[in-house]
Each structure stands twice: as structure tokens, then as C-alpha cells.
Amino acid sequence: MSTDAPAPSPAGPPADIVAFRQAMHDNAREPEGPGRNAGAERLLAEAERTGQAAFVVEALIHLLQTYNFSSEQDKMFVPFARLLRMWDECPEDFDEEDAHRLFWMFKWVSSGMTDQPHIPLAAMEKWLAEMERRYRLAGHSERAVRQAEYHIAEHVGDDARAAHAYAAWRAAERDATSDCHACELRGQGSREAGHGDDAAALELWAPVLGGVHTCAHEPHATLAESLLPLLRLGRVDEARANHLRGHRIVRRMESMRFAFARHVEFCALTGNEARGLELLAERPAYLTDRGEPSSLMAYLAVTALLTRRLADLGLGAEPVVGPPGAGDPGREWKVAELGAYAEREALALASRFDARNGTAAVSSGVRERMAREPLTERLPLGLRVGRPVRRPAASAAGAAAPPAAGAPAARPGVAELLAAARELTQARRPDAVRAWADAARAAAEAGTELSVRDRAEATAHRAMHPDTADAEVAALLGTAAGLFEAAGDPGQAEVARARAAFALAREGRTDEALAAVAEPCTRALALHAEGRATAAEAATALICRARIHTMRGDGASGTQGTAAADGSAADAVAAVADFAAPYADDPRVAGRIAETYELRAELAARRGETEPAAALYAQAVDGYAAAGVPWYAVRARSALAGLASRLGDRETAERAVRGALEHSALHAQPAGQAGLHLQLADVLCNTGRDGEGAEHLLEAALWADEAGDSAGTGAWARHHLGGALLRLGRAAEAATVLEDALADLGAERHGEGTVVQTRWWLGDALGRLGEHQQAAEQYLLAAEIAAHWPREGARDHAMLATLAAQSLSSADLDTQAARAYERAGALWRDLGDVPALIRTLRSRAWLALRPEQEGAAAGRALMAEAERELTTALAATEPGAPVAAEAGGAPVRGGRRDVLLAELAATHRQTGDLITAAAGSTPHDPDEYAAEAARAAYEEGLAHVERAVAGFAGLGPDCRDEYTGAHLLAAWLEADLGRPGAAARRARAVLAAYADDDAAGETAESRRDEARALLDHAGAAGA
């Protein structure tokens, strides 16, 4: 039934209660919301036309359930009053289940009144008293009553009564009217968290979060409730996991607005404001749906919190999705406008609650929530956001600790900023770039005129600033050169001119750059000879020329052109090394010598000389460290890590990239940071350390987004992050991240293999979450891409087709599953993989037994086909023939023949199992005809299982578990056929098979336990 189409006109009353219940069941499976509610209202009207109370009772119960789990909870009070009146007038119209539901729904009504400010407090107390009276008369525990009382007292701010009711709730005996364990624990944990004991709350919630206790709406709500307590306790990884897992399962449930609000709040308090905006856009109706005013108030409060955070970051004028129907039609909302609306509406609702309650508790809570401050500056989630929120970078000179509370924030003066910039320049620190920018800005604001020398430095460093466009760099350095000349520093002037030439090369103008760099190099050497330029200045000019030559070689076309360019580059590098060698004790020159090693390494790597290149990069890294500038080794370390990985030296690779990250943290640009984190994650994940690898992949994705490269490096990071999370068993997080990655991954940019692997992983994750139909869709989409791959990729195509079939079967889409298995079997046949083909045939045989499928005869025919295929393959296979790795199923043993024999034995076992399962009765059936038919089927099935036992026995110890499993099946069949002695002999054979097993595993223990149970059963049957 569509949730948005108008309900069809009723055709008349339902024919019978069974059909009517099926109609209610079908409607209950529709998505929560007005559409499902309309369906329940239509069913009630149909029930009323029957004139039979039983129909009306069940229809009212169904209507109450749909209202309660929707945005129209305010509608449930009238039908509940009608249902209660029917109970009072004629309780015999209610069966046992109906009566139970009536008392169960009393809790919804009593507690739900607190969510409706128009219901007077006196009415709430009256209903609570009525609930208590009726529960007592019916002999029910007071546990649910005290829980409802606690809810009312907590809402109105009556702390003493709430504490007393809470204690009574937990002390009272559980019975059939008590909330489920999951819901109770969520409520109790929320009480502890609300009173400041986050640790106690999480201890209470642990069984729910861990999946021990669940229900239709848990752990959904508890995952949301846990977010802030986890953050406050510093357990940020768990908070992130619960957000990804929790949002995924509440986003399609209309009744979970309270929980959804928690996820928006989490984003606002973890530096994920942009994701918060995306969540608001998912559910715009949440801003206006008034069926449950308390959850509307909560949602408006977190919306006000989020928009205030965005406004504080200077994003108040950003466009945002606004409340439907509020303001003029077609109005375009801004962040600040939405914030003002949300705050106003939240406080208006709070005042209505307070007026009803006679306290200020609700308004106080709402104001506190809207004013909350972040619990962590930045928590990477691994998800792409449409508009990354950029935070202002700290100034280089402002690294000191913040002033004490209450002290005025002292801004450094121009003189202090200049001194800091000069000091950083002298120390050759990368943050000198920002320090000069801070000083120049402060001087301009103060109207202070800088000296010519300071202007030269500021201009030169401005050219190096990451925000400076490439096209402006050469001109700025040219200006700086003139200022250095005017300041009486010709050496620095030539360095600036050489760097200006290098800037041209970075724009791709290498020929022009080579022409431009020639004169600065000649002049720098001459000035050095005259004592008017330092050796470091001359070496810097020469290294610029060497770098231009190296870049020219990188862009050369043709083998001869590349070789010639590389030769010129090598000569230019050698010229730097020859000049610098006599001055190696000068740290500034030593840094340039280290740079020559880096350039020589780059040239060697270009020639394919991996090991020499790695050695040269290592020398460069050591040289930069010895020169006191380890931060300039970042690129060399990264390159070394890449080469070491190719050489299989994971230890060196890890050490190199960790060093690069350490020394780049303060000055690297977002793109560089993303690449380094991705590189380290690759090393970690390839050595089995997915946990730490996932942490760096999170960072890589975040930095890539900040760099505006979400579709490139960001997509790669999310792809690998999803895989790591899946390997860690965190399927819900993996699914969310992989779905996000697919939005950016494309075959042209990332390769078909990457897209296929992402969908494959996503299918695996969805399958683990029980979303089998969605998993099948992912496998099929991946299979479509792999379908045209050459033969070496055809196994992937066949495996994906098989996985799709398995998922469709798990989703009970039997007809589609059977077709998918048939297609997969054809692919395995083409590949010559008989064992994989056999497994598809056996799966199809079992599907044939399911309702509305082909039936037992078709299933037996498919098993027979599997046996024929194996017999034919065995006849064509010599003993000991080699075999490739198989796609699942029986493990590879001594060769292809052994694999086929194992599959033949498995087919016999499954054939026997299928024959007995299809019998539909047992030899002990009271119907003599059915019992005789079953006996014949069991005898035939046993014959097949005996062949399986013999087959596995012939394969020796490697098939012991399969042998004992078949033996036990045969034993149970013997027992069912009234032969306890034969069953006992088989059970003892199983125990004997494991008699000498010192390292018993789970399978061995299970087999032993089953054999002992069978012996007990056989003994009792034979007594």
C-alpha cells in the first residue's frame, strides 16, 4: 500500500477474521506515517460495517498502534477511550491477547499525556489513578504504574516524587504488562544520565547497545541517548560508532523524532555542523509536525543549537531547508532565520508545558539545551558533507596558552609580531609564512609603516602562503627581489628571483623558467665570490635551477626526450652538490645538500631504480634532520614510504610516513595531510591493523573534504574505511560509510575494480545487518560491471551472482533467488568450476521446497543433476590432479578428485536430508497413512546419508567433521525409524572419531554433545 496515495474506497466488510488480521498485518508493515494511519482508519471503518465487536476491538488496537508510532500521536486518546468503554461494557468481546494489549496501551496513554500541553495536569493524574486501580483489580504488578508516575513527575520537575517513583518502579516485580527490558533500561539509563551519572547510564544501557535486549524501537532510541554521555566521558570512538549506526536505523522511522534530534545535537557539538544541516534537510517536516509537541520542542531546540553554532562560525547567511508551510510560499531560509524561528517556537511550546505544569522546568531545560557548547572541537565521522565548515586557523605567533578566565585577551603588538616572524625565519620554520602574514596585517591595521627589509620578507613569505594563487607567486617574488635590493641584500634578491623562476615552472612554463633562472644563479655565484652573498643563498638559487630541470624531465615526451632532460637535471643537481660540499658544516647549506639527495632519488625512481631511490630518500631524510629542518623532509619521507611498501619493507614504510605526519602537523595543507593519513592507513591495514588504520582513514577523509577533494582522495579514503570497518565487524558503520563513498566513486576516475569492491563490501555489510534484499541489489549492481571483464575477472562475476542469489534467498524472494542461482550456475559451468556449480544446484533444490515453488520432485531432480555432474567430472579427473582455490564450500584437500568426492558425499547427505524434509510428517505420525509414507521417505533418505558417511570416511581425517555430521544425521533417522540400537552404534562411532583429539574445537564439542544426547535418547527409546 502506498503511503501517499489516497486510500481506495472500501469494498465492504471483511469476509472473516483471518483475512482481516492479514490486512492489518500488511498495513502494519507499511512505513510509519500518515499513509499507514489512513490505512488503519479505513480498516476500522470496514470492521464497523461488520457489526461484530471482535473485528472492531482488533481494528481499534491496530489503529492505536499506528497512531502511537507516528507523528499523529495526539489522535490516540479518543480511540483508546472507546476501547476502554467497550471493555467495561462487554469484556467477553476481548480475547486474552486483546485484553493484554488494552492494559499495555494504558501505559502509552498515561505517559503520552505528558507530551500534550493541552491536556490538564489534573487529567493526567486522574488517568494515572485509573491505571493503578485497573492494574490492581486485574492482578498486575504496579511496575508499569510506577514507571508512568515517574515519567509524569520527571516531566513537571517534581524531583522528590520522581525519585520515589523511580525507586518503586525498579523495585516492583516484572510481569507481562511491564515494558520490555530494552525500553525499561533505556528509560532508567536516561534518568541516570539526566542526573549527572553518565557511567551508570551506560552500564544500564550496555545490554541494549550490545544487542542482548532489543525490540522494534531499540536499540534505536538508546543509541541516540548514549551519544552525549559517551562524549562527556571521552569515549569518542563509541559515540561516533553509535551515531553512524543509530542514524541509519532511525532515519526512515517517522516516530523517532526524539532520537533523530539527538543525532542533530551530536553533530552540533562535535564540529560536524555541516552534517547537522544535512540531517535537517532529510526531515523538514520534523520542524512542523505537531502531533507530539514534546518531540517537536526537542527538535526545534537542537535546531536552534545547531544554527547558533553555524552563526558563530560566520555562516548565518548560508541557505538552509526551512519548515514547510512557515512564512511565504517559496521562501528561501537562511541559517540565522531558521535559528530565530526554531528558538522562538521551542520556547513558545516550553511555556505552554510550564503553564500546564505550574513550573518552569521545561523552559529551563530547553534554554540549557539551546545554549550547550561543543564537547569536542572536531570528531571525524568518515562521511562526506556538502559544505565543510572551515574553522579559522590559529596565527603562528598566537601559539601561547589562552589567557586565564576573566583576563582580557591581549593581542600582540606589531613589534612583537615582527620579532616572532624574524625568529621563525631565522629558525627556518614553515610557520614563518603565517607569522609574516600576521605581522603585515597588524601593521596595516595599526597604520605602522614597515621597514624596507621587513616589507621584503613579508612579500616573499606572502608568495609562499597557501592562500596565494599560483599565478601571483612569480610577481610577488619579483617585487620582493626589488625590495631586498633596496634593503641592501643582493643575495636575498637573487634568491627571490630564482624562486620566481621556479614558480613559473610550477605553472608548467619550464622552458621559460630555465631561461629566467640562469641569470639569478650566475649573479648569486658571483656575489658569493665577492663576499656579498652567503653560500646558502647561492646554493638556494642553484637548487631552484635543479628543481626546474627535474620538473622539465618529468614533463618530457618520449624516451629520448626524458633521458636528455633527466641528464640535464642530474647535471644541475650535481652542480649544487659540488658547490655546497665545502660548506656542509653550515646548517643552511646542509639543508640544500639534503635536497640534492631528494632530487637524485626522484630521478632514480623515475628510471625505475626502486632500491637506489629508496636509499637516496633515506639519505635525504637524515640530511634534513641533521640540518635541523626535519619538517622539510615530509615529501621525502612520503616518497620513501611508498617505495619501501613496494619493496615489501613495511617497517621502513610505517616509520617514514609516521615521521612525515609528525613533522607536517603544524604546516601541511589539507590535501597533504589527507594523502599522508591515507598512506599510513594503507600500511596499517595491509599488516592487519585495521583498527588504527580506520582512525587514519577517518582523518584522511576529513582532510580531503577540507581540501575540496571529496570526490578524489576523500572517496578513496571512504572506500578503504568501509572495508576496514567491515573487517572489524562494525557492519552498520561500514554500510553507512560505503553508501557515502559510492556517491563519489566512478569507474572512470577510480576504476571499475574499486566500484565493484565497494558494492561487494556494502552487500556484505547489509547482509550482516539483515538487509538481504538491499544486499542483493548491491551484488547485482557489482555483477553488472564485472560481467564484461576478461576471463581472469570472470570468477568475481560468478561469485557476485552467487552472493546475490544467497541474499535473495535470505530475503525470502524465492523465485528471484532460484533464477539468480541458475544464472550463477551457468557462469560457474563456463569457468569449469564444478564444485561451485554443484552448490548452486543444491541451493536451487532446497528453494524448490519452499511455499509456492516447484516442489519436492523438482528439488530431487536438481540433487540428481548435481550427482550426475559430479560423476561425470570424476570420470574425467585423474587421481591427484591439481585444483585451483575454490569459491567457498568444501575445503581443498589432496587434489581436484578429492574435492569432487567431498562434494559428492555432501550431495548425498543433502539429498537424504531433502527427501526426509519433504515428507511433511514423521514415522510417528498418528495418521497411519502419513506415517507409512514418512517411513518410506526416511528409509530412502537414510540410504543417501549412508552413502555420504562412506564417502566422507574414504577421504580420511580432513573430512572428519563432515563424516561425523553425516553419521549423526543417519543416527537420528535410525532413531526415528525405531532402531535405537543402530542409532546408538552410530553415536558411539562419532565419539570414537574424536577420542584422540587433544585440541577439541567448537565443532568437535558440538558433535560430542549431540552424540551423547542421541545415546540418551536411544537408551530411553530402547528401554
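Which residues does Y299 touch, not counting residues up to four places away in sequence? In this predicted model, the residues touched by Y299 are R257, F260, A261, V264, L279, L280, R283, Y286 and L287, once those up to four places away in sequence are set aside. Y299 also belongs to the largest nonpolar core, a set of 111 residues, where it is listed with V264, F266, L300, V366 and L800 as having the most contacts inside that core. Helix α16, which covers residues 293-312, supplies the largest share of this core, namely 10 residues.

The protein as a whole contains 46 helices and two strands, and its C-alpha trace spans about 120 × 90 × 55 Å along the principal axes. Of its 1023 residues, 51% are buried, while the accessible surface comes to about 45,200 Å², with carbon and sulfur atoms holding 51% of that area. When contacts with a separation of 6 or more are considered, 64% of them are between residues 24 or more positions apart.

Just after α38, the residue D812 takes a positive phi of about 65 degrees.

A further site of interest is H217, which is found in the loop between α10 (198-209) and α11 (220-225). The relative accessibility of H217 is 15%, and because buried means under 20%, H217 counts as buried. If the neighbours within four places in sequence are left aside, H217 is in contact with E32, F69, M253, S255 and M256. The C-alpha atoms of H217 and C183 are 8.2 Å apart in space, although the two residues are 34 residues apart in sequence.

Methods: Residues numbered from 1 in each chain as written. Predicted model: local features only at pLDDT ≥ 70, side-chain atom pairs only at ≥ 80, totals over all residues. Heavy atoms only, no water. Helix = DSSP H or I, 4+ residues; strand = E, 2+ residues; numbered from the N terminus. Buried < 20%, exposed > 50% of the residue type's maximum accessible area, 1.4 Å probe, protein only. Contact = heavy atoms within 4.5 Å. Areas by Shrake-Rupley, 256 points an atom, 1.4 Å probe, with all protein chains shown as cover. Core = buried A, V, L, I, M, F, W, Y, C linked by side-chain atoms within 4.5 Å.
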